[in-house]
Amino acid sequence: MIHLYTHNDLDGLGCGILAKIAFGEEVEVHYNSVARLNSQVERFFDGTKQNQVKENTIWITDLSVNEANSKRIEQFVHEGGKAQFIDHHKTALHLNEYSWAKVTVEYDDGRLTSATSLFFDYLLENQWIAAKGSITEFVELIRLYDTWEWEKHNEIKAKQLNDLFSLLSLDDFEGKMIERLKSEDIFSFNEFEQQLLKMEEEKINRYIRKKNRELVQTFIDEHCVGIVHAEMYHSELGNELGKENSHLDYIVILNMGGKKVSFRTIHDHVDVSEVASKFGGGGHVKASGCTMNETAYKLFVHEVFPLDPSRLDAPKNQYNLKNNPEGSLYENNNREKWLIKEHNQQWIVESGSKTLPLSFSSFLEAEHFVKRQYNAALSRDDQYTEYMKNNKNKG
C-alpha cells in the first residue's frame, strides 16, 4: 500500500490528485497541516508491523519532517521499506543528505518549483502517469500560483484555480479535478465556476481594502513591518498589502482562531523563511509561516495591541500628489506634518520650519523614509492647500 502524506493547501492537494490519478485505490492520501504532519508520520510507523515493512511505501510531499521522523524513515528504508520525500522549500534542503529525499527549490532554467510539479516529474520519470494536456496545464497552474509567478506572467487562471479550491470543500475539489483531468484534454472552468470566481474576486478585493485600513506598522529588529489580523486570503492579502505599502519590509498576517502566523514580502532584500524559522516555522523566501507560539504572540499581538492602524494615503487628491517637485505633504496620527520636495536635483524633507539633514535620490526613497520613520500618509487636498498657504505667508 502507498501512503502519501501531503499538505492541505493547493500545492499539497495537487500531489494527492496526481497520486489518485496514477494509482487509484492503491494509494491512501493523508492531507495535513504543517503542525500535524509529524504526528501522522509517527502514527504510520507505530502502526506498521515488522512483517509489513516491505509491503508499504511512504511518500511525503510539500511538508517537512522533523529529525526524529527522518531517522525513522531511514530505518524503514534500511529494513526494506520504500520511501520518497519531495519538497521545494529552502528550509528542507538539509534532508537531501538522505537517499530517499529530493528537495529542489528551482529548476535549471531558473523557474521556481512546486511540490506538485516535482511530484509530477517523479511520476513521469517512473512512467506511472501520462503527460496529458489537461494534467500538464493543471500542474503548471499550481506551480505558477504557489511560486507567485502567475502575477509576473499575468496568468489569472492560476489564481482562479486557488480561488475555486478555497470555495469548495477539499473532497469536492479533489473529486471534481480528478474527474476533469481524466476526461478532458484541455483544462478549463465551466460556466458556473466562472460566475462563482467573478463573485469571489469582488469579495477578495473588498476584504483586502478592509484589512488595509486595519494594518498596524512597527519596527521588529531592523525591519519595518505591517501586522494585520485575518483568517482568509493570506496569499492575496500579503501580496496586495505589500504593494500598497511598499515601504514595509514584510507583512505579518495573524490567524488567531487557527493560532497561525503568515509572513509575506514583495522585496528581494528580505527572506521571510528566516523570520519564520525564529519561531519554529519555515517556508519560502517570500512566503512563510509558523505556529503562534508564546514568543510570536507576545511580539506580534501583545506588544502591538496599543498601536493604532496606519493612516492611508488620501485617495482622490487633485493637488497634493506624489512626486510633485513643489512638494507632497504627509501627516501622521499625531497631526505632525512633513513636506517632500525637490531641491537641487535631490529630494528633501521639511518638518515645520526645519529641513531634515538628509537628501534622497528619488521621491520614492524619500517617501519610504517618511512612511517608515514617522508612519505618515499623504494628506488630503484641503490640508495641503492650507499648509502651503501658511508657509507662503511665513515666507
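Gln-127 counts as exposed, because its relative accessibility is 72%, where exposed means over 50% relative accessible area, buried means under 20% and partly exposed lies in between, with a 1.4 Å probe and protein chains only. This is a predicted model, in which local features need pLDDT of at least 70 and side-chain atom pairs count only at pLDDT 80 or more, while totals for chains, interfaces and linings use all residues. Residues are numbered from 1 along each chain as its sequence is written, and side-chain values use heavy atoms, with hydrogens and water left out.

To stay with Gln-127 for a moment, this residue lies in the loop between α4 (115-125) and α5 (133-146), where helices (H or I, at least four residues) and strands (E, at least two) are DSSP runs numbered from the N terminus. Its phi is near 60°, a positive value in a residue other than glycine. Asn-375, in the loop between α13 (363-374) and β16 (377-378), also has a positive phi, near 50°, and is likewise a residue other than glycine.

Let me now step back to the whole chain. The protein has 14 helices and 16 strands, and its C-alpha atoms fill a box of roughly 90 × 45 × 40 Å, taken along the principal axes. Of the 395 residues in the protein, 50% are buried. If we take the contacts with a separation of 6 or more, 59% of them are accounted for by residues 24 or more positions apart, a contact being heavy atoms within 4.5 Å.

Some individual residues give a picture of such pairings. Asn-69, in helix α3 (residues 67-78), is buried, because its relative accessible area is 0%. What does Asn-69 contact, leaving aside its neighbours within four places in sequence? The answer is Asn-38, Val-41, Glu-42 and Phe-45, and for Val-41, which is 28 residues away along the chain, the C-alpha separation is 7.2 Å.

His-30 belongs to strand β2 (residues 27-32) and counts as buried, because its relative accessibility is 16%. Not counting residues up to four places away in sequence, His-30 touches His-3, Leu-4, Tyr-5 and Thr-6. With His-3 there is also a polar contact, side chain to side chain, at 3.4 Å; the term covers a pair of N or O atoms within 3.5 Å, and within protein one must be able to donate a hydrogen and the other to accept it, with residues adjacent in sequence counting only if both atoms are side-chain atoms.

Rolling a probe the size of a water molecule over the atoms shows where empty space is left. Here a pocket is found on a 1 Å grid over the protein atoms alone, as an open set of points where a 1.4 Å probe fits, with protein on both sides within 12 Å along at least five of seven lines, and its lining residues have an atom within 4 Å of a point. The second largest pocket holds about 220 Å³ of space, and of its 15 lining residues, Asn-212, Asn-245, Arg-311, Leu-312 and Asp-313 lie nearest its centre.

Asn-245 is found in the loop between α10 (234-244) and β8 (250-255), and is buried, because its relative accessible area is 11%. Arg-213 lies in the loop between α9 (191-212) and β6 (216-220) and, leaving aside its neighbours within four places, is in contact with Pro-309 and Leu-312. Arg-213 and Asp-121 are 92 residues apart in sequence, with 43 Å between their C-alpha atoms.

Finally, the cysteines. How many disulfides does a search of the whole structure find? It finds zero, taking a disulfide as a pair of cysteine sulfur atoms within 2.5 Å. Cys-224 is in no disulfide, and the nearest cysteine sulfur, that of Cys-290, is 19 Å away. Cys-224 counts as buried because its relative accessibility is 0%, and Cys-290 is buried because its relative accessible area is 8%.

Terms used. Grid points are joined across faces, edges and corners, and a volume is the space filled by probe spheres set on the points.
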